[in-house]
Amino acid sequence: MSGRPRAAVLLAAVVAFTAVLVPSAQAAPARSAHAAPGTPRTAVLDGTRLRRTRAGLGRDPRLRHALRDLTARADTWLDQGPWTVVDKPRPAPGGDVHEYLSQAPYWWPTTTPTAGNPWGCPYVQRDGQRNPEVDSGTDRQDAEKVFDSTYDLALAWYYTGRRAYAEKAGQILRTWFLDPATRMNPDLDHAQFIPCKYDGRAIGVIDFSQSYTSVLDAQAILAAGAPGWSTADRTAMEKWNAGFLNWLEKSDFGKEEGAAANNHGTFYDMQLAALAYATGDTALARRTVLDARARRIDPQIAGDGSQPQELARTRSWHYSTFDLVAYTRLAAIGRHVGLNLWAYRGPDGQSLFKAVDYLLPAATGAAAWPHPELEFHRYAATDVVHAAADAGDPAARAAVAKLEAPPGGDLWALRPAAEQLDSIAG
């Protein structure tokens, strides 16, 4: 072997691997000319762990396999978007095109829309029948693309250094949140509205609670040195986040959602804590995680680990895993402020470990899920089991090898924070 330093050999291996992923025929170089990114101050993800993972790409086949899956996802976003709230066919109630608008899925018009009655009011409920307006006439679908694309692209840039990923993520963020002509106002006053009945509803807060924390992490990753993501972009995004946090904490809808006793309340806490941490209010982030012990875990998780309110749903498996996405991400935020939510035990023995362990027989395929579920997907539990395993749960660790990979591959090694891996309409 030559006398080259080991670090140089490893760097060469990573560069060679990246060259395989990014063909030389593409205009963008495999790595940018910028210095290697620093450690991102992520709200949910562990920035130090990301940095270590990046350093290990050249010597870990498992990471290389996951990176192929991640870059495949990121590549699909390069020729899509950007998206904007001002493109919807009809503005939110009040007429401001910059207001985010989403619609209750099971409510339908009763008359043909006219110039004087553009929505075809009044609306009536058809439970379980999804109105296609929800997907074509409002902002929710585009917002979800913004969330997913910026997360995938930022992570792909961080691990490969490919400039095109960072620049695309920056373009998407600026268009949706920052550019005066296309930006979204930092509120959800018109989420989950019902035409002619409610201009918006508190439960619409969950439109962002599920995924906006991933966007916060994408912003932090780009701020670690991504080309094209400027100081002005970071400052403007911090201002938007501060405005959204203020709305979430002080608006009537935010307060109502925070009072919810099921997964809506858990996701509210997760989003509030992440925004607080990202905007520098670590005291609020810490207080939110601390309060979740008696306010959320005690009443929501039973002594055997079941989640009774989620089990009562027709999609009980989905909602049991879904609620734990919020809990495990909230625990990850807690780690940044010196708290271990995994270690908490309620008065009846409630804990996050027990809640995850309750899912293990079905998650590993060892037993059928014994509760109502209209569309069972075993992989829906994969990320939350990974999270419990990383937190030290022996049963979850033993289960990892038996988990089902979600569509698109198991990306836990590269983005170790739980996501909603299955989908549900409405």
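Predicted model: local features only at pLDDT ≥ 70, side-chain atom pairs only at ≥ 80, totals over all residues.

Q: Where does Gln-192 lie?

A: Gln-192 is in the loop between α6 and α7. Its phi is positive, about 55°, although it is not a glycine.

Q: Why point that out?

A: Most residues other than glycine have a negative phi.

Q: Which other residue has a positive phi although it is not a glycine?

A: Cys-196, with a phi of about 70°. Cys-196 also sits in the loop between α6 and α7.

Q: What does a disulfide join Cys-196 to?

A: To Cys-121, with an S to S distance of 1.3 Å. The count of disulfides comes to one.

Q: Which parts does the pair tie together?

A: Cys-121 lies in the loop between β1 (107–109) and β2 (123–125), and Cys-196 in the loop between α6 (163–178) and α7 (206–209), so the bond ties together parts that are 75 residues apart in sequence.

Q: Is Cys-121 buried or exposed?

A: Buried, because its relative accessibility is 16%, under the 20% cut-off.

Q: And Cys-196, buried or exposed?

A: Exposed, because its relative accessibility is 52%.

Q: What about the peptide bond that joins Cys-121 and Pro-122?

A: That bond is cis, with omega about 5°. Pro-122 is in the loop between β1 and β2. The bond from Gly-81 to Pro-82 is cis too, with omega near 0°. Pro-82 lies in the loop between α3 (61–77) and β1.

Q: Switching to helices. At what angle do the axes of α15 and α16 cross?

A: Roughly 130°. Helix α15 covers residues 352–363 and helix α16 covers 382–390, and their axes come within 10 Å. The two are therefore oblique to each other. Their crossing is left-handed.

Q: Which residues meet there?

A: From α15, Phe-353, Val-356, Leu-359, Leu-360 and Ala-363. From α16, Val-384, Val-385 and Ala-388. The contact divides into eight nonpolar residues, no polar and no charged.

Q: Now α12 and α14. How do their axes cross?

A: At roughly 155°, coming within 11 Å. Helix α12 is residues 282–300, and helix α14 is residues 316–336. That angle is over 145 degrees, so α12 is roughly antiparallel to α14. This crossing is left-handed.

Q: Which residues of α12 and α14 meet?

A: Val-289, Ala-292, Arg-296, Ile-297 and Gln-300 in α12 meet Asp-323, Tyr-327, Leu-330 and Gly-334 in α14.

Q: How far is Tyr-358 from Gly-225?

A: Their C-alpha atoms are separated by 41 Å, and the two are 133 residues apart along the chain.

Key. Residues numbered from 1 in each chain as written. Heavy atoms only, no water. Axes fitted to C-alpha atoms, helices over the stretch in contact; angles between N-to-C directions. Helix = DSSP H or I, 4+ residues; strand = E, 2+ residues; numbered from the N terminus. Parallel < 35°, antiparallel > 145°, perpendicular 65-115°, else oblique. Left-handed = near helix turned anticlockwise from the far one by under 90°. Contact = heavy atoms within 4.5 Å. Nonpolar A, V, L, I, M, F, W, Y, C, P; charged D, E, K, R; others polar. Disulfide = S-S within 2.5 Å. Buried < 20%, exposed > 50% of the residue type's maximum accessible area, 1.4 Å probe, protein only.
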